[in-house]
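Here is a short report for a reader meeting this structure for the first time. Please look at the sequence and the model before reading on.

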Amino acid sequence: MTEKKSEVLQGTLDLMILQSLDSMGPLHGWGIARRIEQVSEDVLFLNQGTIYPALLRLEQQGWIKSEWGVSENNRKAKYFQITRAGRRQLAKEVDNWWRIAGIISRILPKPE
Amino acid sequence: MKPMQRIRFFSTRIVNLFRRSTLESDLTEQLEVHRQMIKDDLIERGMEPSQAERKAREVMGNDVMVRELARDEMFARFIDEGIRDIRHGFRSLAQHKAFATVAAISLAIGIGANTFIFSLTNSTLLNPPGYPAPERLLTIWTVPDRHHKLNPTLSTTRSRQA
């Protein structure tokens, strides 16, 4: 692991969690972390504990819901699932992301 | 935030203060399970248990910080911290009894003296009674005795005043 890892960009963790739950169905915290790392091909540096404050935030906003279940290894774990409102929010955020990314990529020079 | 969202935001966080221990133990359990899952996975891939334990902790990040962030999401911090400050205040007063006593006494004397001076000033200088010669005002009451069976009249009172 000599490769340089990027920090999670402020405010993008919520978005990555919503997307993971949208494409994978119900997941527990570790499942979400693994999904994010796999999709990012392990170049994203994520303190996995910080997923939990984000999950609390998303749940309070009604974008995800949770319930206790049993993991594949027979451990009691809380499973999270995206709600209808969460899907709407995700669509909105994705649009927003590409708009901003488009603007910034037009401003910044391309790397050599 | 829209007004309705704001109301929900604060009311949830205030209600959560009453479910504090459930929420906290929920969080502890989830973090614990998560760490175990990482560890199990690493061991399954052939890592030594003690090393896997260390690695799992590292991957989870700073536990204290995570908990603080989670509390920010769960509770209305200003109320929570206010309650904690008051508790802390009482506890440290209980620990320093002599100081607490002196502080209580000086507060009592201070407030007492102030109230006394104010009520005196208020009733004589600021709001004197609305009639002449208030200093000659008397309170009259009667004490039953053997010789006077009836209530004394004003004239008998006057004659006895000497």
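Leaving aside its neighbours within four places in sequence, which residues is Glu37(A) in contact with?

The model is predicted. In it, Glu37(A) touches Asp42(A), Leu46(A) and Gln48(A), once neighbours within four places in sequence are left aside. Glu37(A) belongs to helix H2 of chain A, which covers residues 29–39. Its relative accessibility is 17%. Buried means under 20%, so Glu37(A) counts as buried.

His28(A) sits in strand E2 of chain A, residues 27–28. It is buried, at 4% relative accessibility. With neighbours within four places in sequence left aside, His28(A) has contacts in both chains: Ser71(A), Glu72(A), Ala77(A), Lys78(A), Tyr79(A) and Met37(B). His28(A) and Val70(A) are 42 residues apart in sequence. In space, their C-alpha atoms are 9.6 Å apart.

## Where the chains meet

How many residues of chain B are in contact with chain A? The number is 27, and they meet 24 residues of chain A. Together the two chains bury about 2200 Å² between them. Carbon and sulfur atoms carry 58% of that area.

There are 11 residue pairs in polar contact between chain B and chain A, both residues being at pLDDT 80 or more. Four helices of chain B each give two or more residues to the side that touches chain A: H1 (3–18), H2 (20–44), H3 (49–60) and H4 (63–74). H2(B) gives the largest share, 12 residues.

## Salt bridges between the chains

Over all chains, the structure holds 18 salt bridges. Lys76(A) lies in strand E5 of chain A, residues 76–82, and Glu29(B) in helix H2 of chain B, so this pair joins two chains. The closest N and O atoms of their salt bridge are 3.5 Å apart. Lys76(A) is partly exposed, at 44% relative accessibility. Glu29(B) is partly exposed as well, at 30%. The count of salt bridges between chain B and chain A is 4.

## Salt bridges within chain B

Glu24(B) and Arg20(B) form a salt bridge, 3.2 Å from N to O. Both lie in helix H2 of chain B, 4 residues apart, about one turn of the helix. Glu24(B) is buried, at 16% relative accessibility. Arg20(B) is partly exposed, at 24%.

Helix H3 of chain B holds Lys55(B) and Glu58(B), 3 residues apart, or about one helical turn. Their side chains meet in a salt bridge of 3.7 Å, N to O. Lys55(B) is partly exposed, at 25%, whereas Glu58(B) is exposed, at 55%. Salt bridges also link Glu32(B), Arg35(B), Lys39(B), Glu53(B) and Arg57(B) in a network.

## Aromatic rings

How many aromatic pairs does the structure hold over all chains? There is 1. It is made by Phe9(B) and Phe10(B), with ring centres 5.3 Å apart. Their planes stand at 85 degrees, so the pair is edge-to-face. Planes over 60 degrees apart count that way.

Phe9(B) is partly exposed, at 28% relative accessibility. Phe10(B) is partly exposed too, at 33%. The ring of Phe9(B) also meets a charge: the charged end of Arg13(B) sits over it, 3.7 Å from its centre.

Terms used:
Residues are numbered from 1 along each chain as its sequence is written. Chains are lettered from A and ligands numbered from 1 in the order in which they are written. This is a predicted model: local features need pLDDT of at least 70, side-chain atom pairs count only at pLDDT 80 or more; totals for chains, interfaces and linings use all residues. Side-chain values use heavy atoms; hydrogens and water are left out. Rings of Phe, Tyr and Trp (its six-membered ring) pair if their centres lie within 6.5 Å; planes under 30 degrees apart count as stacked, over 60 as edge-to-face and the rest as tilted. Buried means under 20% relative accessible area, exposed over 50%, partly exposed in between (1.4 Å probe, protein chains only). A charge sits over a ring if NZ of Lys or CZ of Arg is within 6 Å of the ring centre and within 35 degrees of the ring normal. Contact means heavy atoms within 4.5 Å. Buried area is the accessible area (1.4 Å probe) that two parts lose on being put together, summed over both. A polar contact is a pair of N or O atoms within 3.5 Å; within protein, one must be able to donate a hydrogen and the other to accept it, and residues adjacent in sequence count only if both atoms are side-chain atoms.
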